[in-house]
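Here are some notes to read alongside the model.

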Amino acid sequence: MNAHLDPVTFEVLRHRFSSIAEEGALVLRNVSGSPSVAHSNDCNVALLTAGGEGVAIGPNIVSHALSCIHTVRYVLKEYSDNPGIENGDMFVTNHPYISTPHQTCVVVVAPIHREGKIIAWAGAGIHVADVGGPMPGQISVGAQSIWEEALPMAPLKIVERGKIRKDIEQEYLLRSRTRIQNSIDLRAKIAANHTVRERIVEMTTRYGVEAVQAAMEQALQYSETKLVGILESLPDGSWSHSHALDYYDQRRSQTFVCRLKMTKQSGKLIFDFSGSSPQAGGVINATHVALQSSVVRMLLAFFGYSVGLCPGAVLRVMRIESEVGTFVDCSWPAGACKGTTAATYSIMAAAAACISKMLAASERLSQRSAAPFKGHMEIAEIVGTDQRGHGFATVFIDGSLAQGNGALSAKDGIDTGGGMDPAVSIPNVETNEFRYPILYLYRREAPDTGGPGNLRGGVGLATAITPHDVERIPNVTFHGHGLEFPTADGLFGGYPGSTNQIWIKRRSNLGQLFAQGILPRTIEELDGVDEVPKPISRSFLDRGDVCHFSSCGGGGYGDPIERDPEKVARDVASGLVSRQWAEQLYAVCFQPLSSLVDVAATEKKREEVRHNRRRRSSHSRVFSPSGLPQFFGALMRVNANLSIVQSSDGATFRCRCGELLARAEENFKEYLAWAEMPCSAAGPYTTAAPEFVLRELYCPACYVLLEVDVVEKGEAISKEVELKLS
């Protein structure tokens, strides 16, 4: 790989790598045809170096491509001699302790040979509906170890010298309740890998093997250099964030907390997850490969604009420190069947918050700071026999993939935005109704779900379905978090997004309403027996039952009472915020019988809010300057509200209003005024966990809302920033 590439040739080849990955992803979707793949892009493709570094990945869900990296590294380490890696071979696995985040993510990787040696790898991954195990779908409710979940499969040579091995294919398919779709998805991955391999071979024919391999290494170096340059422009320091997960298991609710301290040293990032909660027996844990992939996923989301979808470069500048045996880095035989949407989402939320706090300390890059992309998901899986006598299984992901995005420092979060992956969607209503025995009553954006803030979090999705042309859907598995307290955190005074909700009307009067030509617009319009399923539980849906889902919105950014009243009025007119909560949360008043803002009344109400903050707040510590405070100049920015200045007491935190808060080495949050509010104060979506509260922290002088933390009552005030002063 000593070939010297001129800049033009390098750019041509670098962009060709990206287009090859995109083409492979397109083949993957088209061959599969599954709604979750073809419409939601719950799949991806990766192009890797001969040693397994990710050069380029497709624009779909990133974790599938990252699983290919881990798989290739394992195959190279363990299988080079036995069973060997030959031209035309491919390996399949779903092993969460080796490569994938959980068992229903299945990847196939293929070596690319030229001139008798491996010059690169292709990989493709898809989330499938079922890979066996004691319960249909991906979630083994109540599992206390991996032995009670779908058993993982170590990498096996599924294709040998260009031919599918029938014995291995049968072993793989025999496990599943969805053999036909799994067989098609397997061929989709093989086809995608063939496409990537053919395109790389074509490149080597035109440019030479040495040039193509040199271009891969230069592409990695190029993206690494750009990322290091961005990091070096930011201040050194550490930022911390904790993110909680509610888990219903063994007939009780438990709380698991992901604790992260992210340290930036020059062009390197260290992610330290020490102190996170011990692992659960099963279901919700993240293995180490899932932990690593989750952090990479966040770094690509924030810095992909500059470095591209090049995970290999990101892995070169980061390091993870963690305690084995915690729910963010579990040890065998802990179960991980919900690995993609449980601990990993707490990891990603904590990483996103820390990265955003770091970016907020830069005047130039602060516009890229954002509240965590989304909260935890609420998901349902439905499995049964349709009206044609055919078995079916699907993951109902409408609300989970169409949650609201967190607000950015410069604009509102995207409504039903989809999260952090480049290209994620949800199936058309008609597609799902055609494929599965269900009927939609509605699917629309849900008002008041977005986290209030100076910049509003995007709103989530409300959906209702009912069985259609069948008497019963016998297997419905609900699995989600963020139902008992909000998990879509806000930032710098923004409130969290709403909680998730599930609500079933049993034996409703839907049939009678249909007979009268009435289509219910809300579940409240239906008569029937109300049932609220447990967050992780198995159930069923009979003819006439209606199941309503409401997904959380994104977290807000900044103090809600500083939001432009005209923006609030537009949100009300658009149905994204109700008039009641516009007045209660944003302190915006409207003229009588009008949608116009009453400017004077709004200013008065906002002053009342500041007065109420002062009246109800407590103080843990009070900063006492050594004399008459003197301000000698700014040292560095912390965020839009705070800076560190040189004062007569040394380096000191200072509010934008001029109030000195604490010495720079101290936990400034301990010196803020604070009050604890019920989580329902953030919006109309109430919670079932009264022990969790919103802790609001204010400047003790101007009472701007600086932080809103979702915490258990009485929890200590955490330290979240340590900046290195030059």
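A crossing counts as left-handed if the near helix is turned anticlockwise from the far one by less than a right angle, and as right-handed if clockwise. Keep in mind that this is a predicted model.

1. Start with α4 and α5. Helix α4 covers residues 166-174 and helix α5 residues 179-207; the two pack at an angle of about 130°, with their axes 9 Å apart. That angle makes α4 oblique to α5. As for handedness, α4 passes α5 in a right-handed crossing. On the α4 side, the contact is made by Glu169, Gln170, Tyr172, Leu173 and Leu174, and on the α5 side by Arg179, Asn182, Ser183, Leu186, Arg187 and Lys189. By type, the residues of this α4 and α5 contact split into 4 nonpolar, 3 polar and 4 charged.

2. Next, α3 and α7. The axes of α3 and helix α7 (residues 288-307) come within 10 Å and cross at roughly 130°. That makes α3 oblique to α7, and the crossing of α3 and α7 is right-handed. From α3, the contact draws on Val62, Ser63, Leu66 and His70; α7 brings in Val289, Gln292, Ser293, Val296, Arg297 and Leu300. Sorted by type, the residues of the contact of α3 with α7 are 5 nonpolar, 4 polar and 1 charged.

3. Then α1 against α6. How do helix α1 (residues 7-32) and helix α6 (residues 209-232) pack, and at what angle? The angle is about 80°, with the axes 9 Å apart. Angles of 65 to 115 degrees count as roughly perpendicular, so α1 and α6 are roughly perpendicular to each other. The contact is made by Phe10, Glu11, Leu13, Arg14 and Phe17 of α1, together with Ala211, Val212, Ala215, Met216, Gln218, Ala219 and Tyr222 of α6. The residues of this α1 and α6 contact divide into 9 nonpolar, 1 polar and 2 charged.

4. On to the cysteines. A disulfide here needs a pair of cysteine sulfur atoms within 2.5 Å, and by this rule the count comes to 0 disulfides. Cys655 is in no disulfide, and the nearest cysteine sulfur, that of Cys699, is 3.6 Å away. Is Cys655 buried or exposed? Cys655 is buried, with a relative accessible area of 1%. For Cys679, the closest cysteine sulfur is in Cys552, 13 Å away, which is too far for a bond. Cys679 is buried as well, with a relative accessible area of 4%.

5. Cys552 turns up again around Ser498. Ser498 sits in the loop between β16 (472-480) and β17 (501-506). With a relative accessible area of 9%, Ser498 is buried. Which residues does Ser498 touch, not counting those up to four places away in sequence? They are Asp448, Thr449, Ser551, Cys552, Gly553 and Tyr685.

6. Please look at the two cis peptide bonds listed here. One joins Asn82 and Pro83, with omega about 15°; Pro83 is in helix α3 (residues 62-84). Another joins Trp332 and Pro333, with omega about 10°. Pro333 is found in the loop between β11 (318-321) and α9 (343-360).

7. Gly325 also lies in the loop between β11 and α9. Its relative accessible area is 22%, so Gly325 is partly exposed. Gly325 and Thr287 are 38 residues apart in sequence and 9.3 Å apart in space, C-alpha to C-alpha. Setting aside neighbours within four places in sequence, Gly325 is in contact with Pro278, Gln279, Cys330 and Ser331.

8. Finally, two arginines for a backbone check. Phi of Arg161 is near 50°, a positive value in a residue other than glycine. Arg161 is in the loop between β6 (156-160) and β7 (163-164) and is exposed, with a relative accessible area of 60%. Phi of Arg507 is also near 50°, again positive in a residue other than glycine. Where is Arg507 found? Arg507 is in the loop between β17 and α12 (510-515), and at 64% relative accessibility Arg507 counts as exposed.

Terms used. Residues numbered from 1 in each chain as written. Predicted model: local features only at pLDDT ≥ 70, side-chain atom pairs only at ≥ 80, totals over all residues. Heavy atoms only, no water. Axes fitted to C-alpha atoms, helices over the stretch in contact; angles between N-to-C directions. Helix = DSSP H or I, 4+ residues; strand = E, 2+ residues; numbered from the N terminus. Parallel < 35°, antiparallel > 145°, perpendicular 65-115°, else oblique. Contact = heavy atoms within 4.5 Å. Nonpolar A, V, L, I, M, F, W, Y, C, P; charged D, E, K, R; others polar. Buried < 20%, exposed > 50% of the residue type's maximum accessible area, 1.4 Å probe, protein only.
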